[in-house]
Amino acid sequence: MTRLSVEMLAADTVDPITSAGHAQLGIAVLVGIAVLVLLITQTKLHAFLSLTIGSLALGAVAGAPLDKVITSFSAGLGSTVAGVGVLIALGAILGKLLADSGGADQIVDTILAKASNRTMPWAMVLIAGIIGLPLFFEVGMVLMIPVVLLVAKRGNFSLMRIGIPALAGLSVMHGLVPPHPGPLAAIDAVHADLGITLALGVLIAVPTAIIAGPVFSRVADRWVHVTPPDRLMPTRPSEELERRPGFGVTVLTVLLPVVLMLIKALVDIVVDDPENTVQRVADVIGAPLIALLAAVIVGMFTLGRAAGFTKDRISATVEHSLAPIAGMLLIVAAGGGFKQTLIDIGVGKMIMDISQDWNVSALLLAWLIAVAIRLATGSATVATISAAGLMTPLAADMSSTHVALLVLSIGAGSLFFSHVNDAGFWLVKEYFGMSVGQTVRTWSVMESIISVVGLVFVLLLSLVI
């Protein structure tokens with residue numbers, strides 16, 4: 001980035017609310033992140049409250065007036081909710097319809113019926129990838145674990161050969177592909193194009209999931225031998241249903257928002273004329289809000305009514321889907337407030353001033369920042385939002401494709417080495433009946449592989465595109 005571009009960019013950004021020097025701002029960032037880490041890891045305070053307090057500590061140490069810090073935090077929180085809140089809600093509704101209608105089970109059963117013993121790990125990563133598109137990681141895991149345990153037990157498969165591919169498919173989607181909260185928040189923070197990010201995210205996610213899933217599962221199987229725990233053999237959501245939606249229509253419903261957003265991205269590249277009727281139509285139907293809303297409305301019929309749901313049952317499903325995401329939505333919103341506080345106290349300009357003399361790629365820098373916050377907090381979402389906030393100024397001078405790659409670099413870094421401060425670590429440990437050491441050698445290593453391989457593909461694409 002040239003000095004001229006830095007000066008031009010600085011003129012377009014929000015005026016800093018403090019005149020602190022680089023040293024004081026650097027200390028403020030370290031203190032703010034340290035407060036955030038300690039509150040999450042040591043006091044077990046909810047991430048929403050931790051981000052709020054961390055933002056105040058950040059502003060105070062930077063010497064900014066607290067009333068202006070509060071204004072910055074509130075503005076960031078509000079803009080983040082406006083940008084991604086509705087999308088997260090729509091994604092949750094679609095995921096709940098998929099689970100309750102038995103659509104997820106239909107995808108699972110159909111693919112497994114056609115899979116042989118040799119192709120079973122590949123079938124598991126495919127299933128997890130499809131199911132993981134509209135579902136949050138924890139929800140996808142709850143849906144996939146019964147399948148993993150049943151397939152491993154009834155087919156006499158190694159739990160690692162079946163489980164690792166499923167976990168890899170879910171985790172890759174969670175970290176790299178919108179409409180998951182982390183990627184959406186990063187897209188909003190750095191003003192990336194969602195369609196381009198989605199297309200590149202899927203392009204990177206496929207080989208990454210293969211390497212971290214079916215390929216690594218062979219190694220994990222040699223390291224750890226566990227049997228499916230009988231006490232955790234749960235029932236599946238669709239067992240109480242008289243009928244469920246067909247495989248083809250379920251897959252089409254799940255992929256509908258993806259297809260619509262990709263159409264928009266393709267038309268924008270090919271036509272490249274804002275006044276063209278085709279591009280204007282594509283821009284409307286491919287807007288994330290419209291694409292997800294269309295999938296939800298279609299899903300009410302193709303999933304809900306196909307499963308025999310009455311109007312009241314569909315309404316109840318929609319209602320029940322929103323309550324569990326309240327905490328996630330607040331965390332994402334507070335992360336947006338933290339990000340805006342970072343920008344408004346002048347941290348963005350500080351990073352630009354310092355980094356213009358570095359020889360480190362912005363994509364690598366973004367990954368390293370996300371890795372550090374992930375290791376400290378255990379939260380992929382917090383790592384994604386915080387790293388995106390720090391990298392926002394550098395994104396202003398990038399092309400649309402490289403801004404999308406910046407989002408994916410941050411997403412890859414946010415998945416690095418899940419360990420004891422991550423709730424996902426304990427979910428995997430308990431569901432698979434492993435010890436802490438076994439979970440580290442399988443799950444934690446798998447997450448690190450996803451992170452590193454994802455970064456490698458991001459850097460390779462940056463050289464080509």
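**Notebook: helix packing and a surface patch**

I began with α8 and α21, where M160, I164, L167, A168, S171 and V172 in α8 meet T442, W443, M446, E447 and I450 in α21. I note here that the model is predicted. Helix α8 covers residues 159–176 and helix α21 covers residues 436–464; I read an angle of about 45° between them, with the axes 10 Å apart. That angle makes α8 oblique to α21, since neither the parallel limit (under 35 degrees) nor the perpendicular range (65 to 115) takes it in. I put the crossing down as right-handed.

I stayed with α21 and looked up another partner. Helix α19, residues 400–413, packs on α21 at an angle of about 165°, and their axes are 8 Å apart. What does this make the two helices to each other, roughly parallel or roughly antiparallel? They are roughly antiparallel, because angles over 145 degrees count that way. I noted a left-handed crossing for this pair. On the α19 side, I listed H402, L405, L408, S409, A412 and G413 as making the contact. On the α21 side, the contact residues are S451, G454, L455, V458, L461 and S462.

Next I turned to helix α4, which spans residues 66–100; its axis comes within 9 Å of the axis of α13, and the two cross at roughly 20°. That makes α4 roughly parallel to α13, because the angle is under 35 degrees. The crossing is left-handed. From α4, I wrote down V86, L87, L90, I93, L94, L97 and L98 as contact residues. From α13, the list is P288, L289, L292, L293, A295, V296, G299, M300 and L303.

How many residues apart are K96 and D100 in helix α4? They are four residues apart, so about one helical turn separates them.

Last, I looked at the surface. A nonpolar patch there is formed by V86, V259, I263, V281, V284, I285, L289, I290, L293, I297 and F301. Together they have about 890 Å² of accessible area. Which helices each supply at least two of its residues? I found α11 (247–270), α12 (277–285) and α13 (288–304). The most comes from α13, with five residues. I placed V284 in helix α12. V86, L289 and L293 belong to the patch, and I had already listed these residues in the contact of α4 with α13.

Definitions and conventions: Residues numbered from 1 in each chain as written. Predicted model: local features only at pLDDT ≥ 70, side-chain atom pairs only at ≥ 80, totals over all residues. Heavy atoms only, no water. Patch = residues over 30% accessible without salt bridge, like charges linked within 9 Å, V, L, I, M, F, W, Y side chains within 5 Å. Areas by Shrake-Rupley, 256 points an atom, 1.4 Å probe, with all protein chains shown as cover. Salt bridge = Lys/Arg side-chain N within 4 Å of Asp/Glu carboxyl O. Axes fitted to C-alpha atoms, helices over the stretch in contact; angles between N-to-C directions. Left-handed = near helix turned anticlockwise from the far one by under 90°. Contact = heavy atoms within 4.5 Å.
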